[in-house]
Amino acid sequence: MENRDVVMMGLGYIGLPTAALIAKSGSTVHGVDVNPHIVETINRGEIHIVEPSLDKEVSNAVDKGLLKAALEPVSADTYLIVVPTPFKGKNEPDISFVEAATKAIIPLLKEGDLYIIESTSPIGTTDKMKDLICNHRPELRDKIFIAYCPERVLPGNVMYELVHNDRVIGGIDDKSTEKAVEFYSKYVKGALHKTNARTAEMCKLVENSSRDVQIAFANELSLICDKADVDVWELIDLANKHPRVNILKPGCGVGGHCIAVDPYFIVSDYPLESKIIGAAREINNYKSFWCAEKIQNAKLKFQLENGRKPKIAIMGLAFKPDIDDLRESPAKYIAQKVLQNANNEEFFIVEPNIESHTIYKLTNYKEAIENADIIAYLVAHKEFKKLKPKEDKVILDFCGIGVV
Ligand SMILES: NC(=O)c1ccc[n+]([C@@H]2O[C@H](COP(=O)([O-])OP(=O)(O)OC[C@H]3O[C@@H](n4cnc5c(N)ncnc54)[C@H](O)[C@@H]3O)[C@@H](O)[C@H]2O)c1
């Protein structure tokens, strides 16, 4: 039976770049995804996501036979679980993908193998997966190595950060931590910090909760400033002149697969203790609702003043500038909300980082800026910063397009 060095379960935004880098370090990688389109694309040496220089790395690894993709796993020495961990119901973490991926590899595990979860996971998930594995294969108890190592890369800079970022590595016991550190040391140049699995799991959640809380502070300031008639961008710039103050920039909410999701993994399990973390989520969600209301009000005001319906440009759908990722995007939520309230107005939906969208007909950004009466900037994409709209337009700048 074929034995590869590494099986990568999940070939998405994190799994595929990681698989390509491991292959680049000389290991044989068998990538697994449940999506046949992804498997076929990778086996052609192509990629299904936008990430700088990933195409080159994948095509090289596939050409050399170091990276193969398939729908099913094969036997390997190391198994990495990099599948989605969304939430379900009332913002409760859904670890069913991690469970499904783990179940798929349980029959293949052998003594001495290393099993690592990289998916962002609620505290205790690694212990749960250890129990799942040992219940199915009791003979492997204490005979395999199990660890958790979260990913903290920035989309758009993944190939660099995968190598250079520090990693936090927590095993279910010291032997597992050591084994996982040995594995990562083959392709990571950043420092490898050893801890236990629960601390490593919580570390990832806390990193993103910290960002969420800080952004919530900036978003809360933007709401206060709007009422107080103070320019929030000038205010933050001035406050940050203090040597120990560093306020982040407000935006139209918080999105993405990490910052908008991970704090709920703490709030859901520790609701009484996580007051600030929970409030930050509410503030950041409210900011998106507020932006949609602002567009709605601008629309009515325009109609009243001009006696005709305005043409409205919704600038950006991605969850942050210069990427094609729309997951949990506040801009997408705002676009949806504004369109639900549409009353025969003409809308231009703009997202320069994607070619087409299943729901929205997309308009080129130049055309939208030229033709719209109201321009609502939701995402500070670089294209938008280059083009200054004519003076007569109504500008709703939720992301500081004119200043950042
Ligand atoms: N994208 C990021 O910037 C980022 C950063 C840090 C951490 N993370 C975390 O990493 C994990 C993966 O995120 P992602 O962005 O790569 O997700 P993704 O959705 O881009 O990719 C996950 C892939 O897993 C596949 N998959 C689902 N179930 C599977 C199964 N049972 N077996 C094999 N493949 C399966 C999906 O088809 C998908 O292609 C998540 O827990 C996420 O929170 C993501």
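The side chains of Arg137 and Glu139 are joined by a polar contact of 2.7 Å. A polar contact here is a pair of N or O atoms within 3.5 Å; within protein, one must be able to donate a hydrogen and the other to accept it, and residues adjacent in sequence count only if both atoms are side-chain atoms. Arg137 sits in the loop between α5 (125-136) and β8 (145-148). The helices (H or I, at least four residues) and strands (E, at least two) named in this tour are DSSP runs, numbered from the N terminus. Arg137 counts as buried because its relative accessible area is 18%, where buried means under 20% relative accessible area, exposed over 50%, and partly exposed in between (1.4 Å probe, protein chains only). Beyond its neighbours within four places in sequence, Arg137 is in contact with Ile106, Pro107, Leu108 and Leu109; contact means heavy atoms within 4.5 Å.

A word on what you are looking at. This is a predicted model, in which local features need pLDDT of at least 70 and side-chain atom pairs count only at pLDDT 80 or more, while totals for chains, interfaces and linings use all residues. Residues are numbered from 1 along each chain as its sequence is written, and side-chain values use heavy atoms, with hydrogens and water left out.

Now step back to the whole chain. The domain assignment gives domain 1 (3-190) and domain 2 (229-397), with bounds that come from an automatic or database domain assignment. The C-alpha centres of domain 1 and domain 2 lie 34 Å apart. Where they meet, 15 residues of domain 1 are in contact with 15 residues of domain 2.

Next comes the ligand. How many residues surround the ligand? There are 25 of them, and the closest are Tyr13, Ile14, Asp33, Thr85 and Thr120; a residue is near a molecule if one of its heavy atoms lies within 4 Å of it. Each of domain 1 (3-190) and domain 2 (229-397) gives at least three residues to this shell. Helix α4 (residues 96-105) supplies the largest share, 3 residues. By type, the shell divides into 15 nonpolar, 6 polar and 4 charged residues. In this sorting, Ala, Val, Leu, Ile, Met, Phe, Trp, Tyr, Cys and Pro count as nonpolar, Asp, Glu, Lys and Arg as charged, and the others, Gly among them, as polar.

A polar side-chain atom of Asp33 lies 2.6 Å from an oxygen atom of the ligand, and a polar side-chain atom of Arg327 lies 3.2 Å from one. For Thr120, a backbone N or O atom lies 3.0 Å from an oxygen atom of the ligand. Taken alone, the ligand exposes 830 Å², and the protein buries 89% of that; such areas come from the Shrake-Rupley method with a 1.4 Å probe, and for residues only the protein chains shown count as cover.

Helix α1 (residues 15-24) is mostly covered, with 9 of its 10 residues buried. Among the buried ones are Leu16, Pro17 and Ala20. Leu54, found in helix α3 (residues 54-63), touches Leu16, Pro17, Ala20, Ile47, Ile49 and Met159, not counting residues up to four places away in sequence. Is Leu54 buried or exposed? Leu54 counts as buried because its relative accessibility is 0%. Just after α1, Gly26 takes a positive phi of about 105°.

Positive phi values turn up in two loops as well. Most residues other than glycine have a negative phi. Asn91, in the loop between β5 (87-88) and β6 (92-93), has a positive phi near 55°. Asn344 has a positive phi near 70° and belongs to the loop between α12 (330-340) and β12 (346-350). Asn91 is partly exposed, at 26% relative accessible area, whereas Asn344 is exposed, at 73%.

The last stop is helix α8 (residues 197-228), which holds Val213. Val213 is partly exposed because its relative accessible area is 26%. Apart from neighbours within four places in sequence, Val213 is in contact with Ile276, Ile277 and Ala280. Val213 and Ala279 are 66 residues apart in sequence, and their C-alpha atoms are 8.2 Å apart in space.
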